[in-house]
Amino acid sequence: MAQSGVIRGFVYDNKTGEPVIFTNVVLKGTSLGSTTDQNGFYSITKIPAGDYTIQVSYLGYQTLEEAISVEDDDILTQKLYLKEQNVQLETFEVSAEKEEARTEVKMSMTKLTPKQITKMPSVGGQPDLAQYLQVLPGVVFTGDQGGQLYIRGGSPIQNKVLLDGMIVYNPFHSIGLFSVFDTDILRNADVYTGGFNAEYGGRISSIMDITTKDGNKRYHTGKISANPFGAKLSVEGPLKRAKERGDGTVSYLFSGKTSYLEQTSKSLYSYVDSAGLPFNFNDFYGKVSFNTESGSKFNVFGLNFNDRVNFSENSSLNWVNSGFGSNFVLVPATSPVLVSGDFSYSTYDILFEEQGAGERRSSIDGFNFGLDFSYFLGQNTVKWGFEFLGFSTDFRFFNPLGREISQTENTTEFGIYGKTKLTSGKWIFDPSFRLHYYATLSTFSPEPRLGVKFNATSNLRFKFAGGLYSQNLIAANSDRDIVNLFYGFLSGPEDLQSEFTQKDGSTRDVTHKLQKSAHAILGAEYDLNRRMNINVEGYYKGFGQLTNVNRDKIFKDNADNSEKPDSLKKDFIIESGDAYGIDFVFKYEYKRLYLWAVYSHSYVRRWDGIREYFPVFDRRHNINLLGTYGFGKDANWELSARWNLGSGLPFTPTQGFYQKFTFEDGIYSDYSTANTNQVGILYGEINSKRLPYYHRLDINIKRTIVLGEVSELELNAGVTNAYNRANIFYFDRVSFERVNQLPILPSFGLSLRF
C-alpha cells in the first residue's frame, strides 16, 4: 500500500488572529482538500509524497497560496493567515458553502455567523441571535413579551443550548427580542432543528451549539453601543502578543450589556404603559484564551445572566444563570487525531410570584465534562467521545387546583458516542450511535442515528436523517398559562403512574421514567443558480413518552387515597404525542442584496391518557420574509425589513366563574351563609380555542461612518411593529381585559467600534 502524508493546521485572519471558519483549503491542481471547522481547523489526509501548493480562497480575503513538500508518513502542521481583500470582487469562483452542501449531510441544520445575524432588522440597531432564530424554518415564536422559541414540536426544555460547551438553561430574556448572547463576541452558532447526530445527547427535540471568539491577538479593540432599550460594551485584545507570526499568544474577551427599558419607556413609550415596560436584564461574559505555536488552545470563561420583570403589582419574575468553564483543542505532534474537550459548572434559579396563585420556584445546578477524538481519513472522518454530567434540581409549584407539588433530586448521566462520515461516489453516509446511561434511574438508552445525502446532480441533492433520542430533564410550567412566564426544571420524577392508557383504549406498563422521541426527516436542496437556493424538508417527531405536571391532581398520594386513580393523585403524568410538518426555504444572495423567505406548515398534538389536545405552541402556518439591501458609496448604507405572519396559537377558554369558598374555619365553616371575595374559574376544554393571527413588520436603516483604520461609527434607526398591529399577549380572565404585545416602537441607536 502506498505511503501518504497529512497536512493540517488552522486558518487565521491576519489582522485579528481569529480563526477563519468554513473556508476551503485545497492542494492546487488536485482533488484533495478540506473545509475549516468552527476553530478554523483543517486536515488533508492521504497525500502522496511530492511538492504542492496550498490554496485558500474565501470571500472578503485575498487568495492565499503557499508551497509545501510532503514526504511519506509526514504529519505537517501548517498555520495559514489570510489578508483582507482591499477591492471587492464582482464574482467569487470558490464557495465554501456550496462545497459543504455537496460533502456534508446538513439535515435540519443552520450555521449562523455574526455576519448573517446583522442582516436582521434589529431593535435599537443591536442585532441579536434571538431575533434571527425567529426566522429559521420550524421555529415558532410566541410573542414579544414572555416569548419562547418552540422548535418543530418541541418545548423549550427539549432544546439543548450550549455556550462554549456549557449548558445554558434559559437563553432568552422575558422581553422576547433579546437573548443572553452578545452578537459581537460570537463566532458561530449551529442550530439543529431535528435529526442531529449522536455527538449530542440528553434532549429530544433540538440543539443549539454556540461558540465565542477567542479575542483579538494583535490589538486592543472594542465596541460601545446605546439605544432606548439598553447599552452594551465589549472589549478584546492580547495579554501576550506573538513576537513572530505563529508564536503562542494569550488573549482576552469581555462583554457586558444591560437594559434600562423600564426607565426610558416611561418617557419614550408612555403610550404603552405609563408605568413603563417592566423589563430589566444584565448579561456579562468573560474569556481568556491561551494559544500555542502548534495551534492547540485552552480557554477559560465565566458568565452571569439575570432577568427581572414586574408584569403588574400582582406578579413578578426573576431569574439568574451563572457559571464558569473551560474548553480546549489539542493537536498532537505525531498523531493525525484532533482532541477537544470541555468542562463547566452552572446554576440557574427562577422565582415567579403571582397574587392568588402562590409562588413557583425552581433551581438547577450542575456540571458537564466531555472529551472528543476526531480522525481524518481522506474524505471520510471518524469521531468518538464521551460526556459525563450531573445536576441537582429543587422545585416548588402549585397546580391550578391549589395542590402543592415539590421535588428535590440529584441526577447523574453518562453518554458515549461514535460517528463517522463515509463517502462513496454521489452518496454520503453519517451513521452514528450513542449509549446514554441515566444513573439515578438505572436506565440505559441505546440511540442509533443516521444521516444520508445523495448528490443527484451538481445542483440537486436529496437527504435524510433520523434517530432515537432521550432526556431526563422536564419542565415545571402550567398548561393553563397562555404565555409561559415561568420555566422551571426538575429531573425525571419517581411519582409517576404505573400504567398509561393509549388513544385506542389499551394500556401499557410504564417501564422507565425517561422522555423519548424518534425523528424522521426527508428533504431536498436545489441550487437554481449560483445565487439562489431552495431547501424543502418534511419531518416527523414521534414523542413516545413525555412527562408533564398533572393538571388534574386533587388528592394527596398517600395510603388514605390508595384506591383513587393515579390520574387524580400523582404529581406527574405520562403523555405521548407527535409533531409533523413541512418547511420551505428560499435564499438569494448577490452583491448588496440578501433575501430569505420561509414557510412552515405544522401540526403538534399531545395525548395525556384521558384527552387529546394541542399544546400552546401548536401553530399551523408560519411565514417569515427577510430582505437586506446595501447602498451608497462602499455600501455604507443598509436597509433591512422583516415580516412575520403566524396563525393563532391554542388557548383554554373560560367556561364560567364561581365563588371560591376557602373553609377558613375548617369543619365549622358554614358554606351556606359565608361569602368570600375570591373568584374561582371553571375552565373549558383544554386548548380548544385559537387566538387571533399574529403578524408584525420590523424595519431598520443604518449608516456606517469610517473614522479610522480600526474605528467606525454606526448610526441606526428602526421601527418595531411598524404598522402597529395589536397582537394579543394574554387575556385577564377575571377582569375581562385584553393585554397586547408591544405596539409600534420607533428607536434610534449608535455604536462606536474602536
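Two strands pair if DSSP finds at least two bridges between them. Strands themselves are DSSP runs of E, at least two residues long, numbered from the N terminus. Keep both in mind for this tour of a predicted model, in which local features need pLDDT of at least 70, side-chain atom pairs count only at pLDDT 80 or more, and totals for chains, interfaces and linings use all residues. Residues are numbered from 1 along each chain as its sequence is written, and side-chain values use heavy atoms, with hydrogens and water left out.

**Stop 1: strand E1**

Select residues 5–13. This is strand E1, and nine of its nine residues are buried. Buried means under 20% relative accessible area; exposed means over 50%, and partly exposed lies in between (1.4 Å probe, protein chains only).

E1 and E4 run antiparallel and are joined by five bridges. Pick Gly-5: its bridge partner in E4 is Ile-47.

Next, show strand E7, residues 75–77. E7 pairs with E1 in the parallel sense, over three bridges. Ile-7 has Leu-76 as its bridge partner there. Then show strand E8, residues 80–82. E8 is also parallel to E1, with three bridges.

**Stop 2: a five-stranded sheet**

Move on to an open sheet. Its strand order is E9-E14-E15-E12-E13, and the pairing is mixed. Which strands are at the edges? They are E9 (109–112) and E13 (166–167), each pairing on one side only.

Look inside the sheet at E12 and at E15, residues 206–212. These two pair in the parallel sense over five bridges. Select Lys-160 and you will find its bridge partner, Ile-207, in E15. In a regular strand the side chains alternate between the two faces of the sheet.

**Stop 3: a cavity**

A cavity is a set of points on a 1 Å grid over the protein atoms alone where a 1.4 Å probe fits but cannot get out; lining residues have an atom within 4 Å of a point. The whole structure has 14 cavities of 30 Å³ or more. Volume here is the space filled by probe spheres set on the points, with grid points joined across faces, edges and corners.

Select Pro-156, Asn-159, Val-161, Tyr-169 and Pro-171. Of the 17 lining residues, these are the closest to the centre of the second largest cavity. Strands E11 (149–151) and E12 (159–163) each give two or more residues to this lining.

**Stop 4: two cores**

A nonpolar core is a set of buried Ala, Val, Leu, Ile, Met, Phe, Trp, Tyr and Cys residues joined through side-chain atoms within 4.5 Å. Select Tyr-132, Leu-133 and Ile-210. Of the 73 residues in the largest core, these touch the most other members. Zoom in on Tyr-132. Leaving aside neighbours within four places in sequence, its contacts (heavy atoms within 4.5 Å) are Leu-112, Gln-116, Ile-117, Met-120, Tyr-594 and Leu-626.

A second, separate core has 17 residues, among them Val-20, Tyr-52, Leu-64 and Leu-82.

**Stop 5: Pro-332**

Where is Pro-332? It is in the loop between strand E21 (315–330) and strand E22 (338–354). Pro-332 is partly exposed because its relative accessible area is 22%. Not counting residues up to four places away in sequence, Pro-332 touches Arg-8, Val-337 and Val-339.

**Last stop: a hairpin**

Select residues 728–732 and 737–740. These are E46 and E47, antiparallel over four bridges. Tyr-730 has Val-739 as its bridge partner. Four residues lie between the two strands of this hairpin, and Phe-736 in the turn has a positive phi of about 60°.

Notes: 1 Å grid on protein atoms, 1.4 Å probe; cavity = no way out; pocket = protein on both sides within 12 Å on 5 of 7 lines; lining within 4 Å.
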